[in-house]
Amino acid sequence: MLPPPSLWLLLLLFARAAHTVGALPRLCDVLGVLREERDQCLQELSKERTGDLSMEQPAPGCEGLWDNMSCWPSSAPGQTVEIECPRFLWMLTGRNGSVFRNCTQAGWSETFPRPDLACGINVNDSSNEANEKRHKYLLKLKVMYTVGYSFSLVMLLVALSILCAFRRLHCTRNYIHMHLFVSFILRAVSNFIKDAVLFSSDDGIHCDTHRVGCKLVMVFFQYCIMANYAWLLVEGLYLHTLLIISFFSERKCLQGCVALGWGSPAIFVASWAITRHFMEDAGCWDINANASVWWVIRGPVILSILINFILFINILRILMRKLRTQETRGNEVKHYKRLAKSTLLLIPLFGVHYIVFAFSPDDAMEIQLFFELALGSFQGLVVAVLYCFLNGEVQLEIQKKWRQWHLHEFPPRPVALSSSFSNGTSSLTHGTTVGPLELSRGTCRASVI
């Protein structure tokens with residue numbers, strides 16, 4: 001049974017006027033609490049009526065009442081009944097209060113004061129204007145990160161296709177890049193799925209039907225977020241390993257990277273889901289009211305970002321020391337300069353800004369959301385451009401493929417040459433046939449970034 005239209009309007013107004021950003025329960029959760037209170041009230045009133053029927057003459061007065069918001073017990077005429085604010089209003093405001101009704105000879109009076117005033121929200125006060133502005137800001141933010149994830153998704157798919165298509169680009173370094181691209185793709189897709197579930201038309205009819213599916217969506221979303229941070233950590237560890245260790249097994253290194261990038265998030269997210277089920281099994285698991293449960297996921301994420309930041313500082317220290325030595329001459333100097341440039345461009349994208357806002361007060365919530373959602377949604381786009389489209393090896397392979405296709409589709413016309421000129425150039429042609437194609441072999445292994 002759904003609430004009457006007047007209560008629907010009140011719920012929507014309260015939802016718009018709620019103060020805490022990011023801590024607002026979904027309408028399904030509010031309706032679930034409302035149903036529980038209704039069933040409990042009707043059960044108590046049924047017991048009261050059963051007890052009255054056993055008496056020879058029922059006592060005069062006001063009968064118990066469920067007014068679609070609160071449960072009013074039976075009362076004698078002339079009394080004023082006080083009850084606490086409805087629980088669903090406490091969920092929206094975090095504040096408690098009391099409402100009253102008078103029992104008169106004609107029956108129950110109207111509730112006073114108004115529930116929105118008594119329970120901590122005034123939908124007509126000046127703060128509603130600020131809440132309206134905040135609501136518009138969050139909608140704009142949603143549009144921004146939707147655009148960002150969309151662009152990132154397209155560019156990442158193209159970049160992943162390029163790295164998969166050219167066999168010459170297949171090496172440990174690019175395999176790690178491909179896994180990173182996949183993690184960004186999953187992050188974007190999971191964000192779209194989450195928004196489709198949480199911001200769908202929440203009419204209350206399908207609340208119970210989709211609750212399990214909604215929780216699974218949130219588990220998948222949290223896994224994709226953690227996997228993305230894990231692969232960013234893998235990138236930092238791999239760069240650091242290449243600088244401090246001369247020889248190591250790339251096959252074992254790649255296996256360890258896969259275990260860290262995809263396996264460790266599964267362990268933490270499974271632990272979070274089990275803990276959430278037993279300690280905070282409320283709603284769709286999209287509201288993190290219990291800080292101890294939320295730290296099961298938040299702790300490893302912050303730790304990975306902190307490790308990446310330390311690796312970033314150490315990589316810069318190693319590069320600066322190597323560039324100052326006289327041993328690095330010629331191509332090796334260019335090699336380390338390119339590594340320094342790539343590191344400087346990539347490491348800030350590992351989420352260092354998350355540390356700045358991890359312990360920020362509620363006053364900075366809007367700035368934190370802007371950096372983490374709006375700017376963070378373009379992170380995959382920047383990484384795809386940095387690791388694929390601006391990569392010299394990728395550009396070289398695309399150029400060679402384009403030349404091969406162009407020669408195949410538009411073959412050059414034969415030109416008649418003199419015998420002396422042909423003989424003179426035959427040895428030159430024969431001697432230069434192992435030029436660019438053969439020299440390009442092994443470039444994937446020779447390059448670090």
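# Reading a predicted fold

Author: Let us start with Asn68, which sits in the loop between β1 (65–66) and β2 (71–72); helices (H or I, at least four residues) and strands (E, at least two) are DSSP runs numbered from the N terminus. This is a predicted model, in which local features need pLDDT of at least 70 and side-chain atom pairs count only at pLDDT 80 or more, while totals for chains, interfaces and linings use all residues. Residues are numbered from 1 along each chain as its sequence is written, and side-chain values use heavy atoms, with hydrogens and water left out.

Reader: What is the phi of Asn68?

Author: The phi of Asn68 is positive, about 75°, although this residue is not a glycine. Another backbone feature is the cis peptide bond that joins Phe112 and Pro113, with an omega of about -15°, and Pro113 lies in the loop between β5 and α4 (115–118).

Reader: How do I read a sheet, and what is the strand order in the open sheet of three strands?

Author: Strands of a sheet pair through backbone hydrogen bonds, either parallel or antiparallel. Here the order is β3-β4-β5, with antiparallel pairing, where two strands pair if DSSP finds at least two bridges between them. The edge strands, each pairing on one side only, are β3 (80–84) and β5 (107–108). Between β3 and β4 (residues 98–104), which run antiparallel, there are five bridges, and Glu82 has Phe100 of β4 as its bridge partner.

Reader: Turning to helices, at what angle do the axes of α6 and α7 cross?

Author: Axes are lines fitted to C-alpha atoms, for helices over the stretch in contact, and angles run from 0 to 180 degrees between N-to-C directions. The axes of α6 (residues 172–198) and α7 (residues 211–244) come within 8 Å and cross at roughly 155°, and the two helices are therefore roughly antiparallel to each other (under 35 degrees counts as roughly parallel, over 145 as roughly antiparallel, 65 to 115 as roughly perpendicular and the rest as oblique). Their crossing is left-handed, a term for a near helix turned anticlockwise from the far one by less than a right angle, with right-handed used if clockwise. By class, the contact of α6 with α7 has 20 nonpolar, seven polar and four charged residues; Ala, Val, Leu, Ile, Met, Phe, Trp, Tyr, Cys and Pro count as nonpolar, Asp, Glu, Lys and Arg as charged, and the others, Gly among them, as polar.

Reader: Is the crossing of α7 and α8 left-handed or right-handed?

Author: The crossing of α7 and α8 is right-handed, and the axes of α7 and α8 (residues 250–279) come within 9 Å and cross at roughly 150°. The residues of that contact divide into 21 nonpolar, three polar and one charged. As for α6 and α13, they pack at about 160° with their axes 10 Å apart, and α6 passes α13 in a left-handed crossing.

Reader: How is a cavity found, and which residues line the largest cavity?

Author: Rolling a probe the size of a water molecule over the atoms shows where empty space is left. On a 1 Å grid over the protein atoms alone, a cavity is a set of points where a 1.4 Å probe fits but cannot get out, and lining residues have an atom within 4 Å of a point; points are joined across faces, edges and corners, and the volume is the space filled by probe spheres set on them. The structure holds one cavity of 30 Å³ or more, and the largest has a volume of about 30 Å³. Its lining includes Tyr149, Phe184, Arg187 and Gln379, and the elements giving two or more residues to it are α5 (127–165), α6 and α13 (379–389).

Notes
1 Å grid on protein atoms, 1.4 Å probe; cavity = no way out; pocket = protein on both sides within 12 Å on 5 of 7 lines; lining within 4 Å.
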